[in-house]
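Here are a few friendly notes to read alongside the model. Please keep the structure open as you go through the points.

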Amino acid sequence: MPSRNAALTILLLLAFSGGETASGAPPVNMSDTANRAIRFLEAAQEEDGSWSDRLGPGVTALITTSIMRHGRSPSDPVVAAALEYLETNVREDGGIYQPGT
């Protein structure tokens, strides 16, 4: 299992890379880096679709958003599994969190 620090570093890279330049085209070096990061995250995803059930759904939501910003659709198996995990954490009050947190 990849280290938590490595996964969080990759998450930050994806979240703040922007995905596109001002012209709308993805920068080549960031695109390659993002693709490698996404492959790493695919391997690190838990069976329940989360990336850290212990930390709650927030980490999974951020990673899923980042992956989708880089071109993956909700039908992508990795994204679909993450979305299913997130749906299990939707509460009646409208929040998305684990009980007791």
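1. Let's begin with helix 4, where P77, E84 and E87 are exposed. Exposed means over 50% relative accessible area, buried under 20%, and partly exposed in between (1.4 Å probe, protein chains only). Helices here are DSSP runs (H or I, at least four residues), numbered from the N terminus.

2. A word on the source: this is a predicted model, in which local features need pLDDT of at least 70, side-chain atom pairs count only at pLDDT 80 or more, and totals for chains, interfaces and linings use all residues. Residues are numbered from 1 along each chain as its sequence is written, and side-chain values use heavy atoms, with hydrogens and water left out.

3. Back to helix 4, which covers residues 77-87: V78, V79, A82, Y85 and L86 are buried there. Seen down the helix axis, these buried residues fall within an arc of 125 degrees, so they line one face of helix 4. The arc is taken from the directions from the helix axis to the C-beta atoms.

4. Now the charges. The structure holds two salt bridges, each a side-chain nitrogen of Lys or Arg within 4 Å of a carboxyl oxygen of Asp or Glu. One joins the side chains of E42 and R72 (2.7 Å, N to O). Because E42 lies in helix 2 and R72 in the loop between helix 3 and helix 4, the pair ties together parts 30 residues apart in sequence.

5. R72 also meets D76 in a salt bridge (3.2 Å, N to O), and E42, R72 and D76 are linked in a network. D76 is buried, at 16% relative accessible area, while R72 is partly exposed at 24%.

Terms used: Helix = DSSP H or I, 4+ residues; strand = E, 2+ residues; numbered from the N terminus.
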